[in-house]
Structure formats: C-alpha cells, structure tokens
Amino acid sequence: MTTFVLIHGSWHDGAAWEPVIGHLEDNGHQAYGPTIAGHGKDVDKNVDHAQCTRSIVDFIESHDLNDIVLLGHSFGGTIISRVVQAVPERVKRLIFWNAFVLNDGESLFDNVPPHYQGLFEQFAKESADNTVMLPFPVWREAFMNDADLETATETYARLSPEPFQPIIDKLDMTQFYELIQSGKIACSYLNGTEDTALPPGEWGWHPRMSSRLGLHRLVQMPGGHEVIFTNPTGLAEKIIEAGRD
Amino acid sequence: MTTFVLIHGSWHDGAAWEPVIGHLEDNGHQAYGPTIAGHGKDVDKNVDHAQCTRSIVDFIESHDLNDIVLLGHSFGGTIISRVVQAVPERVKRLIFWNAFVLNDGESLFDNVPPHYQGLFEQFAKESADNTVMLPFPVWREAFMNDADLETATETYARLSPEPFQPIIDKLDMTQFYELIQSGKIACSYLNGTEDTALPPGEWGWHPRMSSRLGLHRLVQMPGGHEVIFTNPTGLAEKIIEAGRD
Amino acid sequence: MTTFVLIHGSWHDGAAWEPVIGHLEDNGHQAYGPTIAGHGKDVDKNVDHAQCTRSIVDFIESHDLNDIVLLGHSFGGTIISRVVQAVPERVKRLIFWNAFVLNDGESLFDNVPPHYQGLFEQFAKESADNTVMLPFPVWREAFMNDADLETATETYARLSPEPFQPIIDKLDMTQFYELIQSGKIACSYLNGTEDTALPPGEWGWHPRMSSRLGLHRLVQMPGGHEVIFTNPTGLAEKIIEAGRD
C-alpha cells in the first residue's frame, strides 16, 4: 500500500484527480489530490510560489502523511521540488509527470519557449489580477491532441486563470539536488509520448527535463498532456508503476 | 461527416489509398485519393511541381469539394502546402503524414540528407526521362521495416519512377505560413514512430518537420513509412483522429 | 526457418536467453545463446575483447552454423561486430538490440557518458580481478524500470562481475563497415522505447548508435534494457521481425 500525494498543474485544481484517485484506491492505495493555494475557481489569485508550496506542506503535515510518493504534473513539478525540501523525511519518491524540473535559481518561465513567454507576459498584463489563461486553440491542439472536441470543450470549462507570480519566481533548488543525487529520495519521470504542451525537441519535456534528475526511473504512456481526462485509468496504472519500490 | 482528400507520396499513385478510403467511408466520411500529375504507371513523367499542384487543385474544383481535410503523405506534403495557397477557402485542416513541410523558398531536395541527394541525382541522370527510382533494399529496410518480405516485394511492384523536377523545384510558401500562423487553417502532424524513410535524428520527420507548423495537433502511430499497406485500418483511424475538429 | 545466435551483454551469461530461445523454437527457428568467455559465475575473468570474440567464433565454427542471424545485446554489439569480421560468410544479418555500434578504433568505454566512465574505473580499481559490477539502484531504476522490485531483485542475483579489459579495448571496425556499407551483410536495430541503460538524448542508444549502421531496419518495442526478463515472448517476436529476410 502506497500513499500518493498528487499535485496538479497550472489552470487545474485538485478535483481533476478524482477518477485517478478512485482507481488508485481500488488498487489498495491511499491517494490525495490537494488544491494548490491560488488555484481553482473563486479564490484569491494573489499568491507567490512560496505560498503555493506552503499550502501543500500544510496539507501533508495536517494529515500527518509519511512515506509519501509525491507526484507533480507540469507546473506541479516546481511545487514538489520545493515541498520535498521542506519535509524530506516524509517523502520516499518523487514522480515528475511531464513536469518541470528546474535548474537551481531558475523559474518555470525560464524553461518555456519564447512564444509562450510572450503570451504569458501579455495575458498577465491584460488581466485584472496578474493571471494568465490558456487560449482554447492551444488547449485543444497542443494539450488535448488525443481528445475529441467535446472532451476538449468540457474540460476547458473546468480551468481557471493561473497566477503569474509563481511562474516567474526563481527557486532555490540546492537541497533538492542534494536529496536526489545522494539517493535519499528516489525519482521517476512519467512521460506521455504525444505530450506537446512543451514542443518536442529543443524545448521538449523528455529528455530535457528528465535528464536533470540524474539516476531515475523512466515510465512512458501514450497520450498528450491531459490524459488525466482522456485516460485516467491508464494514468493511474502508470503512476503505480512509476511509484512502486 | 468529414471530406478527406488524400495525397500520396513519391513513387505512389492514388490507388494506394483504396483500403484506407474504404475504412473512412465505413465510418461515415467521404474520401478521395486522386493521382498527382506525372505519377502512376504509363503516364508522361515530364512534369514540374506547379503541374503536380494544378492537377490536385483541378480535382478539388471539378468535384466542388469544400470544408476539406487535406492530407499529404511524404512528398504529398509539398503538394498540399501549395494546393492550400490556391484554394484556401475550400480547406479547413491540413494533415501532414510523415510529410515534408518546406521552409519558404526550399525544395524537397533541400530537405533530404546528402546520401539521398546523391542517389537521386545519379538516378535522374541515368534515367531516360529524368526520373528517380527507389532501390529495393532501401524500400525493404527503410520504408517497409514493419512488413514481411512478401508484402515488401508485392508493394514494390506497384511503384513507378518519380519525376525529378518536382523534387528540385523551390517553392513559394509565403501564403502557406500566413494561413497557418493566423489560425485560418488548422494543422495536424501524423507520425509513424518507426518511420525511417528519413533517418531519425538530425534529418528525421519529427520534430524537424512537425515543428515548422507552429501550433498543431500531433498524432502518432506505430509503424514505418508505408502503413498504408501494412496497416490501412489503423492508418484510417489515426487520420480520423488527426482530422476531427 | 532461421538460425539465430544470440549474444548477451555485460554482467549476463547465455542462460538469460532460455525463455527467448524456447519461443523462437516454438516458432520453428533454431536459436543458440552461447556464453562469452570471461562471463558467468565461477569463471576466470581475466579476458580481453579478442578472447571474448574468439569464444563466439569457436562456438559458431564448432557447431558449423551458417546463414546466421547474429544478434548482440548491449556490450554484445561489440562482439558481433568483431565476430562478423572473422566469419562473414556464415552471417546473413546482424541485429543490434540496444547494442553498441562502435566507430572504428573506439572502445565501449569511449561511448558511455562520463558518470559511467567514472564508476567503471573506480569499481575496476577496487576489485580484486579488474572487474566492474552494477550497483543495484542503477539496475533497478535505469535497467529494470519496467519491472517490479521482486523481478529486479531476482534478476540482479543472476548477474556476475564484468571483465573491465574488453570494455576498454579499442576495436578495429574497418572490415565491419565495409561489410555493411557494401550490403553484403544486412543490419537491424532493435530499440526498447524505455531503455535508459544509456541516458536518452545526447548519449542515448537511438538514433546515436542505430544511425552508424547506415541503411538498416529499425524495429522498436516497449520496455527497458532487460525485457529479456520482463517480456521474453515479446522480445522473441521482435527478434523474428528484426531478423526475417
């Protein structure tokens, strides 16, 4: 029995994990999908990265969770990298599911291609609350390439604007790299073979992000960035494979 | 219901699409597989790229086809890129199936590795009619790697020499890039994960060609460059996935 | 009916092939899995690369095997490259299964990333008999990423220390490249899509190693470096696909 804590990405909230959690529980595991501070609908979006991290640390400590397999999706990779530095003794393995693995001192913003940087800056400036939203055509083609239009439309309606500050905050990753290079915390990278949320090649997820982990377990599955909606059962099975000892 | 127009690659003619068209029709779609001018057996091979393009534009206009999903395979990618500039109002989406996406002013020839350039020039010079043929070992190993010898042999017998001029013609792609970058025409790239007709890596199809499309939908399937023969049903299913709204 | 000779990689011996050989025989083929000199448990580890090669040449000659499809896994790629130079008339095709294809004059050591070079040198120096062993965490995460812990543990117990000298011997590959570039010997590359024994990207198996073969047949399958243990039936099927005419 494994205790999974699943951290969503930008524009999402914890409710997106429900079908995945159901499948993990059916297989005898415990799983939690907390919502990061400043995420979800009808909440204060004025948060920085430290507050985002703090909200997940608080969740883990208040539930007194231990021996955790801690998974981050996309932006969630930056959260789990910081959470493990706060509570290393509670975590046994990290899973980066098409997630950012930042070099020390970098921000997520530093790791996306220039056309995304331009879009994000423009949207943040135009917003009333320093947030960015993903245009539907990008969602439909680059994030939900494996979905039909109906699923893409329905799931787009569940998204909410993403606070910009946590995207541009530069993060201290010193202790993170000590923890994983020493072997104290094991790492897995879960890659969707059709995930084009980052464009394949020079700016792609894999092996650009995965290689930063050093020794790690690579697990792959078919599908795009949002198999959480198009194939939650398949995702849960791959999370189990990525998370086992 | 979608109207597909399917454009074959070098050495092929439109008859190769028959099983794919059958499957698309069984799924309620309309599909056409015209033969490009100068292609097929017992025809005049003395054509340039403009004549090739014109033959497909004529086909579309004479059948008065609209809201087309226009697919090009391999060399066919250079044809659909030019066709859409002639009749943009008739096309809603382009699918490049392991197809060339040329930079403005380039030829297909500019986009193949030096050893192919050398072979093509030599064969054209040695031919009586400025055509190039694919040697059987290249067909069997690099194009039909997922086939047994019998299928490779049978399908090789269906090929015909390829006019060289359309391969070396340099193409104006200005309007093509305006159409896709403005979002007026949507794009998909369909990639066979074992397609080695272009050698993987520096000279490979994906992401070298796909990345030139900017925002696009990536769809992948197992198999080599000629799944049209080894897995026409699977190909048809992926064409539907790549072509849907 | 094909005659397969299957050459294991580092830390292994020929017994690892047993389930694969059983499946090949069930499909009407002949298959042999000899053990390379200096490999396996309780043998003299004081061998160089020439002795390793000689032991396989002797096996082939003593069994008078002809029309062989000769497969090498990992380090075994360096063996089959040298064996085919000794008995080219007995071999019709080479299969490199996530195997090293050395440039002329190089050693295997020249083709692994610096962190592996450092580990190998350190282990060889610390050993009593100039051998290197693979630490269990590397085996479990990078070699057996598709296995459960029990399978990883059981199969690790079957490994034995690898002689260091054959890893650092620089090899004459002149005749090898003449044989494959002339088309006298056909080549296939079999790649596991989750094989991270070499880290994906700059130092990866494919297309770095496969591209050195020039014209070859690419076959891929899911799984890591040790599908010989996690999926021997699937491996046998892909060996048949890679090895057929």
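**Figure 1. B:Asp64 sits in the loop between α2 (49–62) and β3 (68–73) of chain B.** This is a predicted model, as are the views that follow. The backbone does something worth a look here: phi of B:Asp64 is near 45°, a positive value in a residue that isn't glycine.

**Figure 2. B:Trp11 is another non-glycine residue with a positive phi, near 75°.** Look for B:Trp11 in the loop that runs between β1 (3–7) and α1 (18–26) of chain B. As a general rule, most residues other than glycine have a negative phi. How many other C-beta atoms lie within 10 Å of B:Trp11? There are 21, and the cut-off for calling a residue buried is 20 or more, so B:Trp11 counts as buried.

**Figure 3. A cis peptide bond links A:His206 to A:Pro207.** Omega for this bond is near 5°. In general, most peptide bonds are trans. A:Pro207 belongs to the loop between β7 (186–192) and β8 (217–221) of chain A. Now for chain B: B:His206 and B:Pro207 are also joined by a cis peptide bond, with omega at about 5°. B:Pro207 is in the loop between β7 (186–192) and β8 (217–221) of chain B.

**Figure 4. Helices α2 (residues 49–62) and α3 (residues 76–86) of chain A cross at roughly 65°.** Their axes come within 9 Å, and the crossing of α2(A) and α3(A) is right-handed. Which residues does α2(A) bring to the contact? They are A:His49, A:Cys52, A:Thr53, A:Ile56 and A:Val57. From α3(A), they meet A:Thr78, A:Ile79, A:Arg82, A:Val83 and A:Ala86. Sorted by class, the residues of this contact come out as 6 nonpolar, 3 polar and 1 charged.

**Figure 5. B:Leu70, B:Leu71 and B:Ile95 have the most contacts inside the largest nonpolar core.** That core has 70 residues. Which element gives the largest share of it? Strand β4 (residues 91–97) of chain B does, with 5 residues. Zoom in on B:Ile95: leaving out residues up to four places away in sequence, B:Ile95 touches B:Val69, B:Leu71, B:Ser188, B:Leu190, B:Ile239, B:Ala242 and B:Gly243. Speaking generally, nonpolar side chains tend to be buried together in soluble globular proteins.

**Figure 6. Chain A meets chain C through 12 residues of chain A and 13 residues of chain C.** On the chain A side of this contact you'll find 4 nonpolar, 5 polar and 3 charged residues.

**Figure 7. Chain B touches chain A with 12 of its residues, against 13 residues of chain A.** The chain B side of the contact splits into 4 nonpolar, 5 polar and 3 charged residues. To superpose chain B on chain A, rotate by 120° with 0.0 Å of shift along the axis; the RMSD is 0.0 Å.

Methods:
Residues numbered from 1 in each chain as written. Chains lettered and ligands numbered in written order. Predicted model: local features only at pLDDT ≥ 70, side-chain atom pairs only at ≥ 80, totals over all residues. Contact = placed C-beta atoms within 7 Å. Nonpolar A, V, L, I, M, F, W, Y, C, P; charged D, E, K, R; others polar. Axes fitted to C-alpha atoms, helices over the stretch in contact; angles between N-to-C directions. Helix = DSSP H or I, 4+ residues; strand = E, 2+ residues; numbered from the N terminus. Left-handed = near helix turned anticlockwise from the far one by under 90°. Core = buried A, V, L, I, M, F, W, Y, C linked by C-beta atoms within 7 Å. Buried ≥ 20, exposed ≤ 12 C-beta atoms within 10 Å, placed from the backbone. Least-squares fit on C-alpha atoms with pLDDT ≥ 70 in both.
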